[in-house]
Amino acid sequence: MKTVRTIPDLRAALKAGPRPVGLVPTMGALHDGHLSLIERAAAENDQVVVSIFVNPSQFNEATDFERYPRAERRDAELAAAAGATLLFAPQPDEIYPPGFSTSVQVTGPLTDSLEGAHRGAAHFHGVTTVVTKLLNMVAPDAAYFGQKDAQQALVIRRLVADLNLDVRIEILPTVREPSGLALSSRNEHLSEAERERAHALIAALETAREAAKRSTDPADIRAAALDSLQQSDVELEYFELVDPDDFSAVSRFNGSGALAAIAARVGETRLIDNLLISPSGEPEDQPKDS
Ligand code: AMP
């Protein structure tokens with residue numbers, strides 16, 4: 001695996017190699033969730049680009065950006081072992097040179113709700129701008145994202161459809177610890193005690209899934225989840241049941257199920273998670289292919 005830091009070097013390396021090309025955009029501090037994306041990309045492509053870029057424009061809190069874990073040497077070893085052929089690790093001014101003035105924005109309920117409402121719409125505008133740039137730099141046949149960030153994945157599908165970008169978007173299931181805690185680079189910030197407390201997120205989601213076996217009323221399901229959070233020591237930002245196809249609020253629980261999405265702070269660390277819930281309460285963990 002080769003590491004490149006500039007866009008000309010990235011393009012030259014890609015040109016010299018075979019197609020198809022898969023892209024896995026990340027912010028680094030790789031864990032098994034990222035590696036599942038890289039492994040899938042390696043199974044489906046002859047070149048696999050992993051980008052590592054802690055994108056300043058998608059952070060709404062300066063301290064979150066500053067303390068975001070960075071571990072490039074370890075990341076390079078893990079990415080190579082998972083099948084990456086090219087690591088793209090640019091400095092911020094390679095991506096945002098002086099004079100940079102363009103923003104790519106998906107607008108409306110998809111970016112106004114949940115993460116957009118709590119982190120500000122600029123968060124998603126930062127994501128869509130950098131993802132558009134990465135797609136233009138790499139011109140991959142397929143790009144791989146995680147269901148862990150379900151709203152982001154849907155925003156990216158929207159972006160790709162709306163701008164007629166010629167790339168296949170693959171969304172892969174959330175990888176969890178055996179305890180159920182969703183893997184996240186931000187978990188590195190958690191103390192042992194906080195890690196225990198962080199299980200309240202998956203516990204609330206599983207409570208919602210159980211409640212869906214007893215009631216089809218989203219209000220009942222949400223109430224059960226909020227009740228479980230009462231006994232926890234996390235600071236809830238939101239717990240919502242939304243339509244997995246457009247993130248609109250679910251008023252009736254119908255045949256296609258709902259996505260239960262949660263964000264909460266555990267100490268200083270903000271975590272998100274989600275679970276697809278079917279009306280019968282049966283697991284529906286596999287995100288739908290587009
Ligand atoms: P990040 O480095 O957090 O920006 O994540 C890079 C990509 O990895 C995104 O598409 C995430 O959705 C995905 N990802 C992060 N955590 C997980 C996880 N636990 N399981 C699956 N994918 C994940």
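Helix 10 (residues 192-214) has 23 residues, which at 1.5 Å a residue should span 33 Å; its end C-alpha atoms are 35 Å apart, which agrees. The expected span is 1.5 Å times one less than the number of residues. Helices (H or I, at least four residues) and strands (E, at least two) are DSSP runs numbered from the N terminus. This is a predicted model, in which local features need pLDDT of at least 70 and side-chain atom pairs count only at pLDDT 80 or more, while totals for chains, interfaces and linings use all residues. Residues are numbered from 1 along each chain as its sequence is written, and side-chain values use heavy atoms, with hydrogens and water left out.

**Helix 10**

- A kink of about 25° is centred on Ile202, the bend being the angle between axes fitted to the seven residues ending at a residue and the seven starting there.
- Ile202 is also among the buried residues of helix 10, which include Glu194, His199 and Arg209 (buried: under 20% relative accessible area, 1.4 Å probe, protein chains only).
- The buried residues of helix 10 pack against helix 11 (218-230), strand 7 (235-242), strand 8 (258-266) and strand 9 (269-277) (contact: heavy atoms within 4.5 Å).

**Ligand**

- The ligand is surrounded by 16 residues, the closest being Met27, His34, Asp149, Val175 and Leu183 (a heavy atom within 4 Å).
- Helix 2 supplies the largest share of this shell, three residues.
- Ligand oxygen atoms lie 2.8 Å from a side-chain N or O atom of His34 and 2.7 Å from one of Asp149 (polar contact: N or O atoms within 3.5 Å).
- A ligand nitrogen atom is 2.8 Å from a backbone N or O atom of Val175.

Terms used. Buried < 20%, exposed > 50% of the residue type's maximum accessible area, 1.4 Å probe, protein only. Polar contact = N/O pair within 3.5 Å; in protein donor to acceptor, adjacent residues only side chain to side chain.
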